[in-house]
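Thanks, everyone. Let me put the chain on the screen and walk you through it.

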Amino acid sequence: MLSKLKLYDTADDTNAYQQHHHHHHHHKYAPLEHLLNRGVPMFKQLNEAEVARAMISRYRRDLYERAECDVVIVGAGSAGLSCAYCLATRHPHLSIAIIEANVAPGGGAWLGGQLMSAMVVDKEMEPFLDELAVPYEEGGPNFVVVPHAALFTATLLAKVLAQPNVKLFNATAVEDLIIKRQQQSETGEGPGKSVQQQQHVVGVVTNWTLVALNHHSQSCMDPSTVMAKVVISATGHDGPMGAFCVKRLESMKMVPKLCGMGALDMTRAEAAVVENTREVVPGLIVAGMELAELDGASRMGPIFGGMMASGIKAAQLAAKKLNLV
């Protein structure tokens, strides 16, 4: 299953990307002694109001520009970030917003299993690790070991956020979906003509995470919105913010009752999550372990190749939906 997954949308995209990144410029480290004077950095005087205005101005601009974008990715774990990386690098003209409920993006990919630092990844995902320039070592016949899960996540996150077409909104929760009825087809003629309509996800409803977690303790604080041509949800399995989008769809009876995640089986879990990465309802693609809650797939545990592959597949599905491939 994983071995058949393409990392690239087209051969031209692959060649162009590899040529662009093939030559690495090696610079000697610049001496830093000149930055210090008697051990104390010589910083110029700052105006606190100007610092505040700079943050407000930049963040306001980001909010303004991303009020409507091409793709919204909900959740910045290993699946969501892998998706963002592939979309942003292969389609640099796309406007992409990533919405992450936690202050720190990365989800559960900062550690391996049981708070251990190493990350285990299926061999099929070696090309992805190579492209990211994340080092790894042989671990078994079918997997490799990244010495530090945090190195993979930090590298992927840095490469995603370095793309000018990506903006991350962390400490921001998705509180709801924006759903509109869109005309699909017409049948019959004259007075007997009927119009078939279908509900489409066309965006998300957002709020500060601290507000979203405390609606019960204060008066109503209304949210904001982000419109998108495609929404990709990768919020993980059930938890305080996990599996949010599929749980919301269930509450509106747009999907059947959630099956809930099954017991751990790494091989079955990875195959199911990658195979079932799909557009669940019009406008909403679901990736990663959120699918396990919807479909009843097995728990995956501390293996990460399936999460990366699911994110890559979600990116390919989004590109196809946007008529880019």
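What does the accessible surface of the protein chain come to, and what share of that belongs to carbon and sulfur atoms? The surface comes to about 18,300 Å². Carbon and sulfur atoms hold 55% of that. Keep in mind that this is a predicted model.

Now the overall build. The protein chain has 10 helices and 15 strands. It runs to 325 residues, and buried residues make up 44% of them. Next, contacts. Take those between residues at least 6 apart in sequence: 72% of them join residues at least 24 apart.

On to the rings. How many aromatic pairs does the structure hold? There are 3. I'll take two of them.

Start with tyrosine 59 and phenylalanine 169. This pair is edge-to-face, with 5.8 Å centre to centre and 75 degrees between the planes. The partners come from distant parts of the chain, 110 residues apart. Tyrosine 59 is in helix H2, residues 48-65. Phenylalanine 169 is in strand S8, residues 166-169.

Phenylalanine 169 has 6%, so it counts as buried.

Now the other pair, tyrosine 85 and phenylalanine 128. Why is it called edge-to-face? Because the planes stand at 65 degrees, and the cut-off for that label is over 60. The ring centres are 5.9 Å apart. Tyrosine 85 lies in helix H3, residues 78-90, and phenylalanine 128 in helix H4, residues 126-132. So the pair ties together parts that are 43 residues apart in sequence. Both residues are buried.

Back to phenylalanine 169. Together with Tyr59 and Trp208, Phe169 forms one aromatic cluster. There is also a charge here. What sits over the ring of phenylalanine 169? The charged end of lysine 167 does, 5.8 Å from the ring centre.

Last stop: serine 95. Where does it lie? Serine 95 is in the loop between H3 and strand S4, the strand being 96-99. Which residues does serine 95 contact, once neighbours within four places in sequence are left aside? They are Arg66, Cys69, Asp70, Val71 and Asn165.

That's the tour. Over to you.

Notes
Residues are numbered from 1 along each chain as its sequence is written. This is a predicted model: local features need pLDDT of at least 70, side-chain atom pairs count only at pLDDT 80 or more; totals for chains, interfaces and linings use all residues. Side-chain values use heavy atoms; hydrogens and water are left out. Helices (H or I, at least four residues) and strands (E, at least two) are DSSP runs, numbered from the N terminus. Buried means under 20% relative accessible area, exposed over 50%, partly exposed in between (1.4 Å probe, protein chains only). Contact means heavy atoms within 4.5 Å. Accessible areas come from the Shrake-Rupley method with a 1.4 Å probe; for residues, only the protein chains shown count as cover. Rings of Phe, Tyr and Trp (its six-membered ring) pair if their centres lie within 6.5 Å; planes under 30 degrees apart count as stacked, over 60 as edge-to-face and the rest as tilted. A charge sits over a ring if NZ of Lys or CZ of Arg is within 6 Å of the ring centre and within 35 degrees of the ring normal.
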